[in-house]
Amino acid sequence: MKKSNFDKAAFKKAVVENVKNQYRKTIDEATPQQVYQAVSYAVKDYVIDRWIATHKEYEKKNVKTVYYLSMEFLMGRALGNNMINLTYYNEIKEALDELGFDLNAIEDQEPDAALGNGGLGRLAACFLDSLATLGYPAYGCGIRYRYGMFRQEIRDGYQIEKPDDWLRDGNPFEIRRDDYAVIVKFGGNVYAEQGADGKMKFVQRDYQAIRAIPYDMPVVGYGNNVVNTLRIWDAEACQTFNLDSFDKGEYQRAVEEQNLAKTICEVLYPNDNHYAGKELRLKQQYFFVSASVQRAILKFKETNKDIHKLPEKVAFQLNDTHPTVTVAELMRILMDEEGLSWEEAWDITTKTCAYTNHTIMAEALEKWPIELFSRLLPRIYQIVEEINRRFQMEINAKYPGNQEKIAKMSIIYDGQVKMAHLAIAGSYAVNGVAQLHTDILKKRELKDFYEMTPEKFNNKTNGITQRRFLLHGNPLLADWVTEKIGDEWITDLSQMKKLAVYADDKKYQQEFMQIKYKNKVRLAEYIKEHNGIDVDPRSVFDVQVKRLHEYKRQLLNILHVMHIYNELKANPNMDFVPHTYIFGAKAAAGYRRAKLTIKLINNVANVINNDETINGKIKVVFIENYRVSNAEIIFAAADVSEQISTASKEASGTGNMKFMLNGALTLGTMDGANVEIVEEVGIENAIIFGMSADEVMKYEREGGYYPRDIFNNNQAVRKVLTQLVDGTYSGNDTELFRELYDALLNQDQYFILKDFDSYCEAQKRVNEWYKNEDAWAKSAMLNTACCGKFTSDRTIEEYAKDIWKLQKVTVKLPKETI
């Protein structure tokens with residue numbers, strides 16, 4: 001490890017001065033939150049010099065930059081991550097020790113940035129970390145949500161959504177950039193007018209205007225002085241109230257713009273079960289896309305005169321369908337503001353935009369009612385109409401007279417604007433996020449588009465950053481790995497394969513499992529503090545933490561727990577290794593069945609955890625408000641990684657990779673990136689069950705699955721399903737879980753009953769395997785040793801080379817810089 005130039009005395013002095021200047025207090029009078037703020041500003045001083053130096057280097061070299069557009073960035077806490085990537089973590093910890101402060105307690109004062117929810121947002125955060133660490137010029141572009149999606153509370157077993165007020169004490173690492181504010185327009189009417197040059201121009205009038213103000217957050221690369229930017233946009237009204245004005249219309253507009261500005265950045269994913277929610281979501285998407293694209297073009301023009309060369313200097317990556325309106329917004333700016341012809345603008349746009357598809361679920365491929373889209377974004381809709389007209393001509397030229405193709409592939413059809421279709425038509429690259437997912441896109445979901453333009457399609461298997469999920473999240477294991485193979489793994493995860501030679505050695509197996517035990521003790525303490533439940537760190541920690549959706553099959557997991565409980569009640573002396581089943585998940589506020597599943601998990605936990613007759617052989621824990629900061633503790637402690645989605649439904653998954661990195665064995669279906677995990681670690685070091693993707697898709701295509709037959713013929717299934725409606729887990733309310741019972745019996749869309757026996761057999765294999773300590777330790781170590789492929793550094797290298805064509809930049813600091 002290189003020698004640090006960290007000045008401990010200067011840092012301590014900065015912390016003391018920050019407390020004095022910000023709070024008029026001495027260091028010993030400061031609250032924990034005030035100390036956190038003071039430490040963050042002291043760390044920020046180190047970041048800022050590198051941030052300035054990075055952007056000076058980018059400007060000097062006039063580099064190509066990727067703008068990664070995403071509705072979500074699930075960044076986690078910034079302080080510890082910034083310290084690690086500056087390579088000053090231990091030095092700062094020591095300095096704070098000397099001041100009498102515990103760094104862990106200080107880090108716990110920082111709320112997780114509420115800018116995302118699930119895998120989509122965490123992937124975006126990992127990508128930003130890798131872009132900076134690899135030295136690639138990049139901006140993340142999103143929205144500065146004031147209250148995130150929600151802070152989850154569990155009351156009486158139910159999920160309660162509370163505002164996540166993460167900005168209450170301010171965000172010490174962000175910088176407001178008023179000088180980069182832009183105007184975003186909604187509604188009004190579009191008029192064709194003749195310009196001074198005689199050309200026809202389209203002008204939007206009578207619109208509502210919102211001022212978009214960027215807040216920049218630093219994204220620090222590991223040990224390389226590179227600091228990229230996460231730019232999140234906030235909204236303000238353009239007009240201020242003028243109560244003296246006699247123009248009632250102007251006053252009314254000011255009120256409307258104030259309200260729009262307030263609501264547009266309030267929450268992530270407003271409930272869209274109603275029209276107003278749909279409208280707000282579309283406003284959010286256009287708001288951050290328009291602001292980001294406008295600013296990117298203004299930045300390009302600062303150092304480049306010819307707008308036709310935009311694709312040589314800018315790439316827009318669309319993270320799922322949410323930012324797809326980028327295609328039309330870029331066309332609008334190029335034509336209406338830069339004066340280009342349609343053909344010129346389209347040529348530039350289709351060389352600048354690239355699209356990542358993140359889902360096979362049809363419900364997530366966004367579609368907007370024409371009435372809503374055209375009223376809210378009148379000029380954008382005109383452009384989309386013309387893109388659609390020309391695209392239909394292309395389809396017709398390739399498949400003359402084939403109306404079925406036009407119906408399937410059109411961007412506007414049947415009263416809807418189809419955003420995935422717009423993204424594919426307007427992008428030069430379309431990628432899936434795991435090999436199986438990409439193959440399904442090509443063969444099924446996007447088959448017609450793949451057949452028409454196969455050259456656009458490619459795969460980029462997702463990855464995770466080992467710097468957060470091992471170096472920061474599991475310091476005991478990180479130190480052990482470094483002691484064995486050196487520290488190159490921090491920026492080159494393929495080095496982990498060097499650990500494989502230790503997997504058969506009993507001494508190293510014991511060291512590895514002792515680290516796992518200590519991490520389980522840490523999680524057990526967290527569970528005791530937050531749930532009031534005592535769990536045994538010597539039990540199997542079987543963990544499923546992820547967004548709650550029916551296809552992820554948390555319901556299958558809890559039904560199996562109910563089954564094991566039944567078995568133990570019938571046979572108390574059953575040969576069963578004690579298990580702690582750990583769940584963590586948020587359900588979307590309007591997703592009733594997912595929320596009912598949370599209630600079921602908690603009710604089952606309440607019954608089992610209070611049954612003394614089973615002697616603590618099973619404990620069930622639902623971890624409230626699952627987020628990045630508690631995820632780090634959970635991944636480090638897990639023995640079993642539950643990746644049990646219905647095969648063909650999970651695009652990739654990245655939790656599976658975080659568990660693997662930390663030495664958990666995958667219990668899963670052959671879905672998403674599980675397939676590639678098994679390829680890397682070997683099927684003998686994973687527990688695979690259930691139908692294949694092809695089998696699932698065959699049933700979906702041809703029918704022939706009858707869940708009632710399983711209910712009638714399988715006693716274990718019949719018992720657990722009956723318990724959903726006989727009051728076993730619902731007291732006197734036998735109707736509480738009726739919806740889950742009916743859904744399983746009448747349709748079972750995600751084949752839970754079909755895979756139930758196979759899942760139970762897989763769980764039996766876990767039970768037997770765990771009894772053999774040497775065999776389990778060997779497989780756990782091999783999972784860590786074989787995780788090299790699943791770093792986001794590898795994924796980003798592939799994007800940079802194959803899609804974005806970026807060049808790496810080296811940043812050197814001036815000698816006088818700290």
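**Contacts, rings and charges**

Me: Leaving out residues up to four places away in sequence, which residues does Arg295 touch?
Reply: Happy to start there, with the note that this is a predicted model. Arg295 lies in helix α8, which covers residues 275–303. Not counting residues up to four places away in sequence, Arg295 touches Tyr180, Arg231, Trp233 and Glu302.

Me: Does Arg295 count as buried or exposed?
Reply: Under 20% relative accessible area, a residue is called buried. Arg295 has 9% relative accessibility, so the word for Arg295 is buried.

Me: How many aromatic pairs does the structure hold, and what kind is the pair of Phe11 and Tyr46?
Reply: The structure holds 25 aromatic pairs. For Phe11 and Tyr46, the ring centres are 6.3 Å apart and the planes stand at 45°.

Me: What kind of pair do Tyr68 and Phe127 make?
Reply: Tyr68 sits in strand β1 (residues 65–69) and Phe127 in helix α6 (residues 119–134), so their pair ties together parts 59 residues apart in sequence. Tyr68 counts as buried at 0% relative accessibility, and Phe127 is buried with a relative accessible area of 0%. Their ring centres are 5.8 Å apart and their planes stand at 80°, so the pair is edge-to-face.

Me: How many residues apart in sequence are the parts tied together by Arg375 and Glu279?
Reply: Side chains of opposite charge can pair when their charged atoms come close. Arg375 and Glu279 form a salt bridge, with their closest N and O atoms 3.5 Å apart. Arg375 is partly exposed at 36% relative accessible area, whereas Glu279 counts as buried at 15%. Arg375 lies in helix α12 (residues 370–376) and Glu279 in helix α8, so the separation in sequence is 96 residues.

Me: What is the N to O distance in the salt bridge of Glu739 and Arg593?
Reply: Glu739 is partly exposed, with a relative accessible area of 21%, and Arg593 is partly exposed at 25%. Their side chains meet in a salt bridge with an N to O distance of 3.1 Å.

Key:
Residues are numbered from 1 along each chain as its sequence is written. This is a predicted model: local features need pLDDT of at least 70, side-chain atom pairs count only at pLDDT 80 or more; totals for chains, interfaces and linings use all residues. Side-chain values use heavy atoms; hydrogens and water are left out. Rings of Phe, Tyr and Trp (its six-membered ring) pair if their centres lie within 6.5 Å; planes under 30 degrees apart count as stacked, over 60 as edge-to-face and the rest as tilted. Helices (H or I, at least four residues) and strands (E, at least two) are DSSP runs, numbered from the N terminus. Buried means under 20% relative accessible area, exposed over 50%, partly exposed in between (1.4 Å probe, protein chains only). Contact means heavy atoms within 4.5 Å. A salt bridge is a side-chain nitrogen of Lys or Arg within 4 Å of a carboxyl oxygen of Asp or Glu.
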